[in-house]
Amino acid sequence: MALRSALESARDALSGTLILPGDDTFDRARRPWNLAIDQHPAAVAAPADLRDLRTLLEAARDAGATLAVQPTGHGADGDLADAVIVRMAAFDEMSVDLGSGVVRVGSGVRWGAVVEALEGTGWVAPAGTSPAVAVAGYTLGGGHSWFSRTAGLGSDNLRAAWVLRSDGTHERVDDESDPDLMWALRGAGGIVGIVTDLEIDLVPAPTLWGTELTFDAADAGSVMRAVRDISAAAPASLNLFVNSMRMPDSPQLPDEIRGRSFLTVQALSTVGAADELIERVRRAGTVHREVSGATSPKTVAASSGEPTEPTPGRGVSAALSSLDDATIDDLFRFRELPEQWPIMGIDIRMLGGALDEPRRAGFATLQNVDWLLHALVPVFPGVPSEPGEASMAGFRGVLDHAIAPHTVPTFLGPGETLERCGDPAALDRLRSMRTAADPESLIHAGRLPR
Ligand SMILES: Cc1cc2nc3c(=O)[nH]c(=O)nc-3n(C[C@H](O)[C@H](O)[C@H](O)COP(=O)(O)OP(=O)(O)OC[C@H]3O[C@@H](n4cnc5c(N)ncnc54)[C@H](O)[C@@H]3O)c2cc1C
């Protein structure tokens, strides 16, 4: 059947919505979180329930289309010809079981809701920095968390999932019932079926402690060396993020920050203060501002300053297997060049700890990778894109010699594939699982091109 008429018939059968090109709300509905990505799907569906999802599978089969599940579209990458975007917002149930240290969420639930529910409980979620990201999209793509040194990747914490396969069967799977499928769901999940619910381990944090130290950019090299030097001794309960921020020279900003650069070190310990190690970082430069003390899941989530509404953005990431003095110097020298103004922030995350000993098997891994970097290049309306593209290429160029063989899928940029995340044997394993699970190619290929 022709695509349009198959989709129109499906629309009549749905309890939820299906928006087609030409409908008043189509342009709004097709927009992902990252407004810099202009995606043109065949339709946008918001299924109300499992029955609707099965109807959409049938329509995709009739029409030769694919279903591209995109809960919030933080990771959208644009190529959706003949695909129906499936928004999972109606799958919004959540139940927290502190006795077993687990949360069960529907695949439309965002991390912010889980974080809110954990306030004051002594538990934290293996969430990333944006409360607006869907638990499903993040966890199925690996997910590097504030607490990954303590608890591993988000996907390492995936205990079980309810999966709708392209043949319409829906069941709960875990490592006992289907270890192969669980391995794929932990990082490459979207390619083998549609996940409706997930069970995720929570992270015990009996005494959540945070320290934030802000230094002038002139101290960036020495502070980064100190952070690097404590990494070998840091316990897995200590999580450490560094952020190098360069404020635009914009008259809207207060004089004390306008056009200036800062380096912020953020440490989070799940078992109380880590004074001795933090002191070594503190001594490496002049601290302009310090905040230290007991903290909470909500305070941590708010501290990232991530946008709460869809915004246009670009970025480039690099997973590094080492960070020597020369690389640190090159990175900050590059970063301070006037022509690198498009790079507003660079996030540097200390890895190791539980990431080196994943407690469950999964496609996504940051085992034996030491640092995860991400450069944020905002997109401003009317500003040409070329300087930003050049800065992103320059950033990768400076780090190229230290790039690790693999990274985590949630840090891939538009157009990048899972080939950056696993070796050929792992990719072959994924491809054969997909062929077996979805022989008619009803699920969008996502980041593993067919
Ligand atoms: C501001 C911001 C901050 C971020 N911070 C972090 C961070 O700290 N750590 C980190 O690791 N990542 C981070 N990310 C990246 C983010 O985790 C990924 O982009 C993630 O994929 C986003 O989830 P989503 O639900 O929006 O994904 P979408 O882009 O909507 O979906 C991503 C893919 O997941 C799959 N998928 C999602 N849900 C399902 C489902 N129910 N069934 C089957 N497949 C599914 C699909 O294949 C889909 O293509 C951040 C992104 C942004 C924009």
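This is a predicted model: local features need pLDDT of at least 70, side-chain atom pairs count only at pLDDT 80 or more; totals for chains, interfaces and linings use all residues.
Where the two meet, domain 1 supplies six residues and domain 3 supplies seven residues. On the domain 1 side of that contact, you'll find three nonpolar, two polar and one charged residues.

Now let's look at a pair of helices. Two packed helices can be described by the angle between their axes and how far apart those axes are. Here, helix H11 (residues 325-336) packs against helix H12 (residues 386-399) at about 165 degrees, and their axes are 9 Å apart. An angle over 145 degrees counts as roughly antiparallel, so that's how H11 runs relative to H12. Their crossing is right-handed. On the H11 side, the contact is made by Thr327, Asp330, Leu331 and Phe334, while H12 brings Gly394, Val398 and Leu399. Sort the residues of this contact by class and you get four nonpolar, two polar and one charged.

Is His406 buried or exposed? It's buried, because it has 22 C-beta neighbours inside 10 Å, and 20 or more is enough to count. Setting aside neighbours within four places in sequence, His406 is in contact with Ala319, Thr365, Arg420, Cys421 and Gly422. Ala13, on the other hand, sits 393 residues away from His406 along the chain, and their C-alpha atoms are separated by 43 Å.

Technical notes:
Residues are numbered from 1 along each chain as its sequence is written. Axes are lines fitted to C-alpha atoms, for helices over the stretch in contact, and angles run from 0 to 180 degrees between N-to-C directions. Helices (H or I, at least four residues) and strands (E, at least two) are DSSP runs, numbered from the N terminus. Angles under 35 degrees count as roughly parallel, over 145 as roughly antiparallel, 65 to 115 as roughly perpendicular and the rest as oblique. A crossing is left-handed if the near helix is turned anticlockwise from the far one by less than a right angle, and right-handed if clockwise. Ala, Val, Leu, Ile, Met, Phe, Trp, Tyr, Cys and Pro count as nonpolar, Asp, Glu, Lys and Arg as charged, and the others, Gly among them, as polar. A residue is buried if 20 or more other C-beta atoms lie within 10 Å of its own, exposed if 12 or fewer, and partly exposed in between; C-beta atoms are placed from the backbone.
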